[in-house]
Amino acid sequence: MSALPIPFVPCFIAAVVALCGLPAQAQERIYRCGNEYTNNAQVAKSRNCTPMEGGNITIVEGIKPAPAARNTPANASNTTRSGNERVDPNAQRARDSDAKAILETELRKAEERLAAARKAYANGEPEKQGIESRNYQRYLDRVAELKAAVTRAESDVAGLQRELGRLPAASGNAAR
């Protein structure tokens, strides 16, 4: 049988005494009043609250929403327009031409991505790479990914063409 080191015994005794001297932390009884909770027995009795049974309860209060911003010159650009206000025809034409230029640029990029995806797909028979000659499933997975990329690129091009078709004609018909 081994003996405990002498400095350990006084430390152990001091720790036990300290722990015994701490008051027990018991939680008061919690009452539920609809969606509110209280530990005040008088308030609970006056509101006909029911006592909660079971383990400890933790309640975290939510964040209160910030008040709505007022219309000041700093945030006046965020205000919504009513249906009767008209936009200056020249400003609308400028917006439409900007939108058209952006869409045409995006369409060119999408067409380039489509061409690259079709080239990589090679009509469903791309060249095998590395380990794909020994692992046919990996090849099939890559072919499926390439086909999905082609389909996605075709969808992007079609969507951009639809958006361009929705824009008003540039012949001055902005005041519909």
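**Close-up views of a predicted model**

**View 1. Lys128 and the ring of Tyr139.** Lys128 places its charged end over the ring of Tyr139, 5.2 Å from the ring centre. A charge sits over a ring if NZ of Lys or CZ of Arg is within 6 Å of the ring centre and within 35 degrees of the ring normal. The model is predicted, local features need pLDDT of at least 70, side-chain atom pairs count only at pLDDT 80 or more, and totals for chains, interfaces and linings use all residues. Residues are numbered from 1 along each chain as its sequence is written, and side-chain values use heavy atoms, with hydrogens and water left out.

**View 2. The disulfide between Cys33 and Cys49.** The whole structure holds 1 disulfide (a pair of cysteine sulfur atoms within 2.5 Å). Cys33 is joined to Cys49, S to S 1.7 Å. Helices (H or I, at least four residues) and strands (E, at least two) are DSSP runs, numbered from the N terminus. The torsion about the S-S bond is about 105 degrees, so the disulfide is right-handed. Cys33 is buried at 14% relative accessible area, and Cys49 is buried at 13%. Buried means under 20% relative accessible area (1.4 Å probe, protein chains only).

**View 3. The largest nonpolar core.** This core has 13 residues. A nonpolar core is a set of buried Ala, Val, Leu, Ile, Met, Phe, Trp, Tyr and Cys residues joined through side-chain atoms within 4.5 Å. Its largest share, 7 residues, comes from α4.

Methods
Buried < 20%, exposed > 50% of the residue type's maximum accessible area, 1.4 Å probe, protein only.
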